[in-house]
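Subject: Structure handover

Hello,

Here is the structure you were waiting for. Please look through it first; my notes come after it.

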Amino acid sequence: IGRMFTPMQQISALVTFMFLHGGFWHLLGNMWSLYIFGDNIEDRLGHVRYLVFYLLSGIASGVLHLVLHPHSTIPTIGASGAIAGVMGAYMISYPKSKILTLIPIFFIPYFIEVPAFIFLGIWFFLQFLNAAGSSAHGGGIAWWAHIGGFIAGILFLKMLLAAPRSGIDDKLRVSTSKRHTPGLQVIHTFSTLESSDLSGDIFINPMEAKNGTRKLVNIPWGFQQRLFNVTIPSGVKDGSILRLRGMGKRISYDRSGDLFLKVLVRE
């Protein structure tokens, strides 16, 4: 197959392969993972160094897969190797950060928060198990590319953090600053023993406070309704209290207390 391509095409494939996907769900799964972990690493490295980091992680993942499967005739495509690098960098940068994880129990979806080092550590271990138990074709998944990208991400993060930021980073940071806080927020509530009401904090940024916004809120191991939408009106002030009737502690079968959310406006 190599004879069908020029040397330059073969070299460029180590970059272009990570921008191709096998279908909508392949693309969606990768972009969802990048959405969860990527922005934090980009904030830490800056835009330019993050771009270099992402490309290097993807190239490293492709090289490892190529070294271990030099005679494979199955095309290797997808951003998962580069995103694995982002995940590796996230694990060592924010090991105690909580990742909201859906766990179905008897077909009922429950959301729990799992520390990043546990969530990503288990993910990395599963890649090894699948790589060790698969054939050279890997069942259609390049397990070793995931492993290579993850390890490369840890190494490249340490290398690039030692490199100076470019002046372009500061300009890009201003022009691409976040206009929205995460659409899904976990609310850690508190209350007194005597009260059926619950209280918690919800975070928005100044632009959302000015224009209003809508958030999907989760109370871990919540009550009768674990996920619900909260509409924050335009012009809301820092410290304002929103009252959600019936979202507090359950008093009886058909009665519940209220949930009071304090709006915190943060940059």
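Below are notes on the salt bridges and on one helix.

This is a predicted model, in which local features need pLDDT of at least 70 and side-chain atom pairs count only at pLDDT 80 or more, while totals for chains, interfaces and linings use all residues. Residues are numbered from 1 along each chain as its sequence is written, and side-chain values use heavy atoms, with hydrogens and water left out.

The whole structure has three salt bridges (a side-chain nitrogen of Lys or Arg within 4 Å of a carboxyl oxygen of Asp or Glu). Glu-208 pairs with Lys-215 at 2.8 Å, N to O. Both Glu-208 and Lys-215 are buried (buried is under 20% relative accessible area, exposed over 50%, partly exposed in between, with a 1.4 Å probe and protein chains only).

Arg-243 bridges to Asp-258, with the closest N and O atoms 2.6 Å apart. That pair links distant parts of the chain, 15 residues apart: Arg-243 lies in strand β7, Asp-258 in the loop between β9 (255–256) and β10 (strands are DSSP runs of E, at least two residues; helices are runs of H or I, at least four; both are numbered from the N terminus). Arg-243 is partly exposed at 46%, whereas Asp-258 is buried at 9%.

In helix α5 (residues 116–133), Ala-116, Leu-120, Phe-124, Gln-127 and Ala-131 are buried. They share one side of α5, because they cover an arc of only 50° around the axis (taken from the directions from the helix axis to the C-beta atoms). On the other side, Phe-125, Ala-132 and Gly-133 are exposed.

Regards

Key:
Expected span 1.5 Å × (residues − 1).
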